[in-house]
Structures are given as structure tokens and as C-alpha cells.
Amino acid sequence: MNLAAQINSLLAALILLTAFGLLVQKRMYGLLHIFAWQGLFLSVSTAVVGYAAGTHHLYISSVLTLLLKVILLPYILHVLIQRLQIHKEIETVVNVPTTMLIGIALVIFSYHLTAPIRELSTLVTRSTLAVALATVMIGLLMMITRRHAVTQIIGFLAMENGLFFAATSATYGMPLVVELGVALDILIAAFIFGIFFFHIRTTFDSLDVKQMAKLKEED
Amino acid sequence: MTLLILLSISLLSAITLAFVGDRKIATEINILGSAATFFAGVGLAVQVYMQGPMLAAGKFFFVDAFNVYLAVLTSFVSMTTAIFSRRYMRREREHGRVGHWGMRFYHAMFQLFIFAMLLALLTNNIGVLWIAMELATLSTVLLVSLYRTPTAIEAAWKYFILCGVGIALALFGTVLLYFAAERVLGEGGEALLWTNLNQVKSLLEPTVLSLAFVFLMVGYGTKVGLVPLHNWLPDAHSEGPTPISAVLSGLLLNIALYALVRCKVLVDGATGTHQAGYIMMGFGLLSILVAAFSILRQKDIKRMFAYSSIEHMGIATFAFGLGGPIATFGALLHMLVHSLTKSAIFFTVGHASQMNETQEMSKIKGLIKGNPLVGWGLMFGVMAIVGMPPFGVFVSEFLILTATIKNAPLLTPLLLVGLVVAFAALFRRVQPMVAGEIPANQQFLKVAHIPVILHMVLVLIIGLYMPNFLAEWFHTAAGLLK
């Protein structure tokens, strides 16, 4: 195993660690910081893979990740949190040990699911595909277990990070046109959830999505 | 060339409408833009019909019989919806349900939505297909919450989150597909082009592709509204403005199914088994049954028809899963007639709920006496959608049923139960709404005649006599999807 692969594995471990961190962090700014760190690890990992494989378009996507996931999105969320004055809000996270255990089970499941692909791949990054899938799944778990609108969005963005990591680890990155398109979609999504936060806030007086449970099948 | 014109019209209209804003002329520009898109779509269809499948803009776009008919359908329904929404939205504006910014937003996003759907249909790159699907979701999220009521915001949030998650899983499936493709086609953008993939599909790694299909199925299946991933659909349909319900039901679900079928073709070629088909049949059948029984329990008129859409998308998914020339022909036809009929129903439903100022079915009465077009339109629309002859839905459902009896006889009773329950449930609800005396509080309404009549006549024509070119088209498309 060469150096690049080792560094990449380390970064993969760090990304997974931040994913677990997001899962149980209660404070808004804490979440934001962990999310920014995850983006940074992702960006560095992309650059390392780009260097090791000699594929230069990965540098572009590395810079793109840095701009979007480490600077722009955390900044937007930061401004939103301040404007909405929710930076002091502490979310009650129920059942931390159970959530962690489910998270670990998801990691094992991801390893199991990607086993046949790992055997096929010849890339230096192949062992990290399972971590990428695990990050996606943990993001999903976060969206299910948390009840705050901002937290759910961070979970959604963490999922997107996992997907991006999957693209670099399985294939040395998607074609550039696709990556640019995905980045554009995330930007539009950021614009939309920004508007949403204010709508939810003005209609429901808080950003807890628990109170949005009117639409049900009545008997 | 026609293709680029087709795409640019809707994009340019979106930008223009963003600037025009809440002026009276905005509705006319909206109609004009959609009509121009429709004519460009017909032009493209004629070109494809004469010359066969073609690539454009350096393989970036690909048009064959399968996607061109959906492109024409998409532009046609968006044109009629634009005509319908002229009167509908004007009234909502007068009644203060939508504000100044709301109208600006509505028109611009409507055109952007059409652009996203056409891009999804015509692109050759399955990565871009994903991006366009996501764009189509994002452009409609804020339209669902246009009325800003608590329930509308809840519905839009649900739509945003659930479809966001779903579509993220589809991206993972696309990454896996690219991983398999790259090993055969080499690195770079070429490996994501559907036409290239289609040529080498038998060489793609089967294990990777079957895993990819699971993710694609769950991802795009969420957008198709298949049970158990359908939770967003009834909410989004019932809380958004009715023109948006019409295009969501009639068009967006079709596009998502299109994406799924395109991917299925590749997976089938790689695995050489019928595995992907079985998964689709399972999801489809479950959707038909769950939706049919859910229709029984509905009180809100738009929610009821939303469940009916789930049922019909289930039928089409089931038929694509079943495969074979007859079932695929039936599925393609079903996508067409369902789209036409369901949007016509939503047009009448929109007017009916405006007349009675409620969406609750028990309070809607005397539609035929109040306004014959709305009453009879709803009546005939429901007769068509439940599959009564001589309407087009009967033909497609008959074909699918025949194929089921032949190839999967054991599933026939389940399919029939679903169809019969939906039939009974819808009729039971519609009868009291259209018949009876006019209630005291019913409002007089200027309604949009053309869209409803046009759609119903088309469905009737397809049911009575299928034009030759259409049959030929579906045959070619069914051949492509083998």
C-alpha cells in the first residue's frame, strides 16, 4: 500500500468520524464546525487522489469542494442561524447510544454491500468506497432521528459529501460537467432551504419540524 | 438545431417571466412560451419520425422514439396547463391567496420546471439526467408552498427532504454505474453517455449493475411515487396550486419513470437476467394495491386523485417490469393516456374547488348544474381514468392485463383487485359531487374550456382509433427497450 492510499484511508477515517460527530452533536455551531471539517477532509482527499492518479480535473473538484462545502455553505448556514437567532438552541438528541449503535451497524452493512465491488476495483482508493456509503447512510440516519430543520439540512449536506466521496473513491471522480451540475444543484438547494427556514419560522414560530404533522391520513 | 431551440425557449421564457413579474401580460407570455415549446417539440418529433434516432451537440443530446414522444407530451401538457392556469391563477390572485412576488415566482418557476424536464428527457448523459431531475424537484418545491399556509409549508418541506434523499440515492446508483462503465469505456465524459453504454451493456459488470439498480430504483422510485416511497406525493398534490398538481402528476412522475426505464435497459443487458424487472413488478404491484385501498379513505379531492396517480404509475412500472413487446407497448401508451387524462381531471378539480371554495369532497355538490363543463369534464375524466371503454386508458390497461395473463398468470388476480377497487372507490366519490342541486354558496366562475376538452378528445381518439404513426412509434420504442 503506497503513501497516497494510506493518507486517503486516514482521511476516509476522519470523514467517517465527523459523520458520527454530526450524528450526536447538539449545538448548532458545533454541527456547523464539524460539517466544515468534513468538507475540508473531503477536499484534501480529492486533491490527494488527484495527485496520486494524475487526473487533473480532480484538482478542480477539490477546489470546488473547498469553496462550496468549507466556506460558502457553512457561511450561509452561519448567517441563517444568526438571523433566525437559534444559535443558543440546544436540541435534545434522544437515545445517543442506540443511534451510535445503529450507525456502527450501518458501517458494517456498507462494508458488506460493497465487498464485491472492492474486489473488482484496481484503484488506490478502493477500500474507501464502503466509508463513502456509510457516510451517506449515516447522513440519512441523522435526517431521520433529528427533528430540527437546520439539523436535517446539515444531514442532507453530509449525505451529499458522502456521495461526492463515493465518486472520487470508486471512480476518480465523475466527469466535470456532472460535478459542476451537482454543485449548481446544491447551491440552488441552499437558496431554497434558506427561504424555507424563514417560512417555517414565521408560520410555526420555531424550526422544530415535529409540529409539522398535520398532513396525515385521517380515518 | 430544433432540439436546442426547443430547450432554449423554456429557459428564455423563465428568465423573461422573472423580469416581467406580476404584470397582466405574464400569463400570456407563459402561454406563448409553452406553445412555442410545443411546436418546436412537434418539429423535433417529425424530424425523428422521418430520419430515425439522432445525436446532437456532440453526443450530448440523444433523441429516439422513446424520449421524443415524452418530450412532445411534456410540452403539450405544459401548454394546456399554462392556458388553464391563466384563469385559475388570476382568480387566486384576486382572492389574495397569492401575492405579488408569488405570481412572479410562479411563472418563472413553471417555465424552469419545463426546461428541467425537457433536459432530463433529451440528454444523453445519465449524470446530466440526474442533475435535471434534481432541478425539476427544486424548481417545484417552492411552488408547492406557494400559498404559505402551515400545511402547504409542511407538504413542501416533506417533498424537499424526501425527494432530496431519494435523488441522492439515485446519484449513488449513477456513481456505481459510472464505475462499471469506466472499466469498459475508459475514463471521461464518454463513459456516462447512454448511447455508448447501450452498445457495451453486455460487457458491464453484472454484480455492480445489480447493486446500482437497487439504488436507482429507490432513488427514482421515490420521484415516481411508488409505495412505500410515496409519502410526499399526496401532500404535495393536495397543498400546491392545482396547475402544479396537474404537471406534477401528468409529467414529473413520467419523467422519473423514464429515467428508471433507461437505467433498467442497461442493467438488463449486463445481468442477462430478469432481476430488475422483478423488482419493478414488485414495487408496481404494491403501489397499485396500496393506492387503490387508500383512494377509498380520502376526503380531500386532490389527495384522492394523487393516490390515483400512484396507482397508475404503479401500473406502468409493473408493465415495464413485466417486459415483452405487448406489456411495454401498453406501458408506453399508459404513460401517455394517464398523463392526458389526469391533467384534465386536475383542471376540472381546480375549477370545482374554486367554485365551492373547498377541497373537501363532501362539500362539493351539483357540479353539472353549476357548470356543465366542470361537471361533465370531471365525470368523463373519471370514467376514462378508471379504464372504461372507449377511452384510451382502457386500451392500455387491457394490453397490460393481457400480457399479465400470458406471462405472469398468478399476478392477474392481484392486478384485477387493484383495478376494481380503484374503479369502485373513485366512482363512489364522484357521483355525489357532479350530481344534485347547486348548493347555496357555489360561486360563478369563468372557466378555461379548451384544455379539458382538448385532453378528453385526444384520450377518446386514442381509445377509438390509434393513429398509425403513434402505434408505429410505440412499436419502435418497445423494440428499443428490449
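The model is predicted, and local features need pLDDT of at least 70, side-chain atom pairs count only at pLDDT 80 or more, and totals for chains, interfaces and linings use all residues. Residues are numbered from 1 along each chain as its sequence is written, chains are lettered from A in the order in which they are written, and side-chain values use heavy atoms, with hydrogens and water left out.

**Stop 1: the interface**

Select chain A and chain B together. Here 51 residues of chain A are in contact with 53 residues of chain B, contact being heavy atoms within 4.5 Å. About 4,600 Å² is buried between the two chains, and carbon and sulfur atoms give 76% of that area; buried area is the accessible area (1.4 Å probe) lost by two parts on being put together, summed over both.

The largest share, 16 residues, comes from α7(A). Helices are DSSP runs (H or I, at least four residues), numbered from the N terminus.

**Stop 2: the nonpolar core**

Select A:Phe197, B:Trp157, B:Phe160, B:Tyr220 and B:Phe305, which touch the most other members of the largest nonpolar core, a set of 277 residues. Such a core joins buried Ala, Val, Leu, Ile, Met, Phe, Trp, Tyr and Cys residues through side-chain atoms within 4.5 Å; buried means under 20% relative accessible area, exposed over 50%, and partly exposed in between (1.4 Å probe, protein chains only).

Now centre on B:Trp157. Among the residues that B:Trp157 touches are A:Phe196, A:Phe197, A:Ile200 and A:Met212.

**Stop 3: salt bridges**

The whole structure holds 11 salt bridges over all chains. Select B:Glu28 and B:Arg86, whose side chains meet in a salt bridge (3.0 Å, N to O). B:Glu28 lies in helix α2 (residues 25–51) of chain B and B:Arg86 in helix α3 (residues 65–94) of chain B, 58 residues apart. B:Glu28 counts as partly exposed, at 34% relative accessibility, and B:Arg86 likewise counts as partly exposed, at 25%.

Finally, select B:Lys369 and B:Glu437, a salt bridge with its closest N and O atoms 2.5 Å apart. B:Lys369 lies in helix α14 (residues 367–370) of chain B and B:Glu437 in the loop between α17 (412–434) and α18 (449–464), so the pair ties together parts 68 residues apart in sequence. B:Glu437 counts as exposed, at 55% relative accessibility.

Definitions and conventions
Helices (H or I, at least four residues) and strands (E, at least two) are DSSP runs, numbered from the N terminus. A salt bridge is a side-chain nitrogen of Lys or Arg within 4 Å of a carboxyl oxygen of Asp or Glu. Lists of a residue's contacts leave out its neighbours within four places in sequence.
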